[in-house]
Amino acid sequence: LLPYEACTLGSINLTKFLTYTDGKAEMDWMALAAAVKLAVRFLDNTIDVCDYPVRDTVRLAQANRKIGLGAMGFADCLFLLGIPYDSKLGVDFASTVMNFINEKARESANALANQRGPFPNWNESVWRTKRNKKVRNAAITCIAPTGTISIIADCSSGIEPVFSPVFVRRILGGKKLLQINPVFKQIATKAGFYSKKLEKQIAKAGSIQQIAKIPPSIRKVFKCAYDIKPEWHIKMQAAFQRYCDAAVSKTINFRGNATPAAVDKAYKLAYQLGC
């Protein structure tokens, strides 16, 4: 964003767009398209109803009308589809879903431009000079961290893998809350190996990869942040970045003993992949 612009963000919980046939999950693309169309309109309306406290923000928000529609619940969605995060299938799915959201969002922004007019700075923008396309918003898609809203929605945050299927969250007053990923609990209960003892074991380890009683097929899918090598984090970021107007919030996790050379390699891979 430019100085003084407003952060008008919305995130679609991808898990809500899975349908099941004979127990097998797949994306309901028509329902997702309808949600994207509604979300773009909602975010565009937000710019007009918001009472901005700074005059420069009013001027820029209304002149460029930037919005940032993105996704959350991506890791949970992969769990339900049975796709490992650190796999070509996972990266390909990321490309497919973000390309779809981006295309439908741009179609919606074009329809709004025809109805309400393009953003006031459209004449001087690349949308006119290079793309020759009328849109209501100078930027339309963005991947936000969704830290708080994903907790409220009870889904995985943004495009990140889950931190752990079970972990302890420390809140105000020193209280501790045991956080259990609902998808993992559902699948583990159905498979018959879930227990209170297992909860504590996972919370302590932060991963299920070394727990022999959990079937290998489930361990392969339920990879967590530190189970995934940095290059897969970057490949995932690049997949989303390719079909995104603005920024992508993504953490590239390293172990505590990572070397400067490993970090250097990661930055260069991000550059090579166009992040």
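Trainee: Where do I start with α3, and how many of its residues are buried?

Mentor: Of the 8 residues of α3, 7 are buried, so this helix is largely enclosed by the rest of the structure. Buried means under 20% relative accessible area, while exposed means over 50% and partly exposed lies in between, with a 1.4 Å probe and protein chains only. Helices (H or I, at least four residues) and strands (E, at least two) are DSSP runs, numbered from the N terminus.

Trainee: Before going on, what kind of model is this?

Mentor: This is a predicted model, in which local features need pLDDT of at least 70 and side-chain atom pairs count only at pLDDT 80 or more, whereas totals for chains, interfaces and linings use all residues. Residues are numbered from 1 along each chain as its sequence is written, and side-chain values use heavy atoms, with hydrogens and water left out.

Trainee: OK, which residues of α3 are the buried ones?

Mentor: They are Phe 74, Ala 75, Asp 76, Cys 77, Leu 78, Phe 79 and Leu 80. Just after α3 comes Gly 82, which takes a positive phi of about 75°.

Trainee: What does the side chain of Ser 156 reach?

Mentor: It reaches the backbone nitrogen of Ala 75, at 3.3 Å. Ser 156 itself lies in the loop between α6 (147–153) and β5 (166–170), and it counts as buried because its relative accessibility is 6%.

Trainee: And what is Ser 156 in contact with?

Mentor: Leaving aside neighbours within four places in sequence, Ser 156 is in contact (heavy atoms within 4.5 Å) with Met 72, Gly 73, Phe 74, Ala 75, Asp 76, Ser 150 and Val 162.

Trainee: Switching topic, how many residues does the largest nonpolar core have?

Mentor: It has 67 residues, and those with the most contacts inside it are Leu 32, Leu 69, Phe 74, Ile 101, Phe 184 and Phe 240. A nonpolar core is a set of buried Ala, Val, Leu, Ile, Met, Phe, Trp, Tyr and Cys residues joined through side-chain atoms within 4.5 Å.

Trainee: Which element gives the most to this core?

Mentor: That is α4, with 10 residues. Helix α4 (residues 88–116) has 29 residues and reaches 41 Å from its first C-alpha to its last, close to the 42 Å expected at 1.5 Å a residue, where the expected span is 1.5 Å times one less than the number of residues. Gly 117 follows α4 and has a positive phi, near 100°.

Trainee: What about Leu 32, what is in contact with that one?

Mentor: Apart from neighbours within four places in sequence, Leu 32 is in contact with Ile 12, Leu 14, Phe 17, Met 27, Val 97, Phe 100 and Ile 101.

Trainee: Now β1, is it largely enclosed or exposed, and why?

Mentor: Strand β1 (residues 9–13) is largely enclosed by the rest of the structure, because 4 of its 5 residues are buried. It pairs with β4 in the parallel sense over 5 bridges, and two strands pair if DSSP finds at least two bridges between them. Ser 11 stands opposite Gly 70 in β4.

Trainee: Last one, how many helices and strands does the chain have?

Mentor: The chain has 11 helices and 6 strands, and buried residues make up 47% of its 275 residues. Along its principal axes the C-alpha trace spans about 60 × 50 × 45 Å.

Terms used
Polar contact = N/O pair within 3.5 Å; in protein donor to acceptor, adjacent residues only side chain to side chain.
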